[in-house]
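Dear colleague,

I am handing over the structure we spoke about, and below it you will find my notes on what turned up. Please read them with the structure open beside you.

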Amino acid sequence: MALTYQQLLTAVPLVLRAGNVPNIVGDAGIGKSALVEEVARQMGAQLYTTVVSLSEKGDLAIPVPPLTSDSFVETKDYGRLANVQYGYAETLIQIIKFAEGHPKQPIIWFLDEFNRGSQAVQSELMNLVLQRRINSLQLPAQVKMIIAENPDSTMLGFGDREYDVAVGDAAINDRTVRLVMTTAPAEWLKWARHRQPAINPLVIKYLSDHPDRLLVVASGPESDLAPTPRAWERVSSNLDELERLPRPVQEQLASDLFTGDLGAVVGESFARFVLAQGSELTLAAVQTSAAGQEQFHSAAEAAKVNLLREWVAQPGAYGLDTEQGAAAFVKLLRLVSADGQVAVVQSVGEVGLPLLTAMYQQAATAPAGAVAALYRELARVASQGERRR
């Protein structure tokens, strides 16, 4: 089970009010940091963040030499001893100073990328999370802890993940509340439409047509980059700047610019989609040009189906009873969903017997040709449509 961003806006404060530590687990770029910032705003809390993956052992508190003569202890038999004190990190000092100056205001200390820190760093933070203590310093009661982790392959539901993380200590798992974060494209798109600065409308349109591409988990060395909500925000701002450039420059840069955030498959698809804007997808373009066929790939499902249904009714050089028309048509038909294919085949039946007769005659003349292949494909789709009823 997993919770969306909006659900976590309720769940995280609930866990904090209960006196427990939320452990937000989610893929990189999914929005964990943005979630904690929003929780802090809603609670009126002062937020401090420590990125554990960038921390070294001793960063929070390290022994320092005594600073005054009172720090030395004279002994009879063992000489002069130094009573070593601890120097605390600037973040911790700021937290203590803020707590003293604002005793009634809640404070959230966010330990991000907790399990990407070394085992030594995680061990050092154990007392902070579990006992709320660093050496002799007890955290003020108003300080609430939140940790965030990337999933590792030992976590239920994340067996395919390959993040470079240190598997968490059992004590952390036992003393924190794991809240798994998932994406909800409808939520993200609603947020994107009202965000300031605004998410580029083409990003919103593309993800409305392809909601499954908001987050794609990369797997294997051939796909080290993949879409995440955070990546789409970067794509939006890059696209804002790209649109200011001359069209030829846009065409040169778009593919590399977007694949650098989204990976090859989605990045190239989004680049085609962006470059296709302003040139209306027409039946003639799809039939006669490679650019039109590329644009068809990124079109919405309804647009694809309507275009193919229009094609069915059109006689002439690209009619379905011609070799070149059938060859082009069957390739695009396979890009449509199963339900869309059934709708297109129904249009063939609506056109009537003359078209089917012409296709049958051509198929009989050239059984290895494109018309024969299309005829068989239409029969297959029709039979599947019958079985689904």
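Helices (H or I, at least four residues) and strands (E, at least two) are taken here as DSSP runs and numbered from the N terminus. This is a predicted model, in which local features need pLDDT of at least 70 and side-chain atom pairs count only at pLDDT 80 or more, while totals for chains, interfaces and linings use all residues. Residues are numbered from 1 along each chain as its sequence is written, and side-chain values use heavy atoms, with hydrogens and water left out.

I begin with the backbone. Most residues other than glycine have a negative phi, and most peptide bonds are trans. The bond from Gln196 to Pro197, however, is cis, with omega near -5 degrees, and Pro197 sits in the loop that runs between helix 6 (185-194) and helix 7 (201-209). Glu113, in the loop between strand 7 (107-112) and helix 4 (119-130), has a positive phi near 50 degrees. Arg132, in the loop between helix 4 and strand 8 (133-134), has a positive phi of about 60 degrees although it is not a glycine. For accessibility, buried means under 20% relative accessible area, exposed over 50%, and partly exposed in between (1.4 Å probe, protein chains only); Glu113, at 24%, is partly exposed, and Arg132, at 22%, is partly exposed.

Next comes helix 2. Its buried residues are Lys32, Leu35, Val36, Val39 and Ala40. They cover an arc of only 135 degrees around the axis, which puts them on the same side of helix 2, the arc being that of the directions from the helix axis to the C-beta atoms. Helix 2 is followed by Gly44, whose phi is positive, near 65 degrees.

Lastly, the salt bridges, each a side-chain nitrogen of Lys or Arg within 4 Å of a carboxyl oxygen of Asp or Glu: a search of the whole structure finds ten. One of them joins Glu38 and Arg41 (2.6 Å, N to O), which both lie in helix 2, three residues apart; Arg41 is exposed, at 54%. Another joins Arg234 and Asp261, with the closest N and O atoms 2.7 Å apart. That pair links distant parts of the chain, with Arg234 in helix 8 (residues 229-242) and Asp261 in helix 9 (residues 247-262), 27 residues apart. Asp261 is buried, at 10%, whereas Arg234 is partly exposed, at 38%.
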